[in-house]
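Subject: Structure handover and findings

Dear colleague,

Please find below the structure that I am handing over to you. My findings follow it.

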Amino acid sequence: MSTISILGTSLLLLVALAELGAAQYPAMPFTRRGKKRKSKSDNRSNQDKENDFLVTKKVFFDMAIDDEPIGRIVIGLFGEACPVTVQNFAALARGNFRNDKALTYNNTIVHRLVQDFVIQMGDVVEMDGSGGRSIYGQYFADENFYLRHWGPGWVAMANSGPDSNNSQFIILLSKARWLDGKHVVFGKILEGMDVVLDMADVDTDDFAFPTVPIQIVDCGIISVKEPFKLENPDDVEKKEKRERRSKRKANKKE
């Protein structure tokens, strides 16, 4: 066999392996800094941004580790900022969408856990990160990137690239601003961050798969009679910086 033929065969093999890898793990979040995806530009006025942090729905997950109940997580969903994404997430939490019993987060598991980074879950098809499905079909588009990966407790869609959202999602364990413009952030943990931290303490194998099952044993919607706003994290950070500067000045005077 000629050198050219060998090189050609090797190239085809590498392409096939790359495609297989993408098929097996289609919804893994980015884990290193890189060029930002072209953003759904946010040229809105301040008035248009007023309701970005308006919680319009709440979802609960009752969690268990190795069949032992550990408590409830409550996630606030920003239905004004991301109505399409929130509708999908809420429908999967409610379950039985259009009488499809497979479209539910109930009994699904955490399939990826990177300590001090993310918890990834929500594969309603394969339960291992290789599948997932939305109420709109296999995938749906990135709605926008208005909200950011501010820190622990923020919730975003997992994906395998542009416009590949399904049912999988991530819960942040730390600030991850390099994911801004790559994943759609749509919610935040309101209650049960201690439960999330208990989940984060579970050991994993070499592929970041938990060594014991972390499972959603019940889930659903909590009625929000009166939508409410959370404080803008950027404003909170600015306020904290001002307070730190004031303390430093006060200490210098002493």
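The buried residues of helix α2 are covered by several strands, including β2 (57-65), β3 (68-77), β6 (154-157), β7 (169-172), β8 (185-191) and β9 (214-222). Helices (H or I, at least four residues) and strands (E, at least two) are DSSP runs numbered from the N terminus. The buried residues in α2 are Thr85, Val86, Asn88, Phe89, Ala90, Ala91, Leu92 and Ala93; buried means under 20% relative accessible area, exposed over 50%, and partly exposed in between, with a 1.4 Å probe and protein chains only.

Please note that this is a predicted model, in which local features need pLDDT of at least 70 and side-chain atom pairs count only at pLDDT 80 or more, while totals for chains, interfaces and linings use all residues. Residues are numbered from 1 along each chain as its sequence is written, and side-chain values use heavy atoms, with hydrogens and water left out.

The length of α2 agrees with expectation, because its 12 residues (83-94) should span 16 Å at 1.5 Å a residue and its end C-alpha atoms are 16 Å apart. The expected span is 1.5 Å times one less than the number of residues. Glycine 95 follows α2 and has a positive phi, near 85°.

The largest nonpolar core has 54 residues, and those with the most contacts inside it are Phe61, Tyr105 and Ile119. Such a core is a set of buried Ala, Val, Leu, Ile, Met, Phe, Trp, Tyr and Cys residues joined through side-chain atoms within 4.5 Å. Helix α2 gives the most to this core, with five residues. Not counting residues up to four places away in sequence, phenylalanine 61 touches residues including Ile73, Phe89, Ala93, Tyr105, Phe169 and Ile216; contact means heavy atoms within 4.5 Å.

Lysine 188 is found in strand β8 and counts as partly exposed, at 22% relative accessibility. Lysine 188 and alanine 156 are 32 residues apart in sequence and 8.7 Å apart in space, C-alpha to C-alpha. Histidine 183, in the loop between β7 and β8, is buried, with a relative accessible area of 0%. The side chain of histidine 183 reaches the backbone oxygen of methionine 157 at 2.8 Å.

How many salt bridges does a search of the whole structure find? The search finds five, a salt bridge being a side-chain nitrogen of Lys or Arg within 4 Å of a carboxyl oxygen of Asp or Glu. Three of them are described here:

- Arginine 72 forms a salt bridge with aspartate 62, the closest N and O atoms being 2.7 Å apart. The pair links strand β3, which holds arginine 72, to strand β2, which holds aspartate 62, across 10 residues. Arginine 72 is partly exposed at 38% relative accessibility, whereas aspartate 62 is buried at 17%.
- Arginine 133 and aspartate 100 meet through their side chains in a salt bridge (2.8 Å, N to O). Arginine 133 lies in the loop between β5 (118-121) and β6 and aspartate 100 in the loop between α2 and β4 (110-114), so the pair ties together parts 33 residues apart in sequence.
- Aspartate 234 and arginine 148 meet likewise in a salt bridge (3.2 Å, N to O). Aspartate 234 lies in helix α4 (residues 233-253) and arginine 148 in the loop between β5 and β6, so the pair ties together parts 86 residues apart in sequence.

Yours sincerely

Definitions and conventions:
A polar contact is a pair of N or O atoms within 3.5 Å; within protein, one must be able to donate a hydrogen and the other to accept it, and residues adjacent in sequence count only if both atoms are side-chain atoms.
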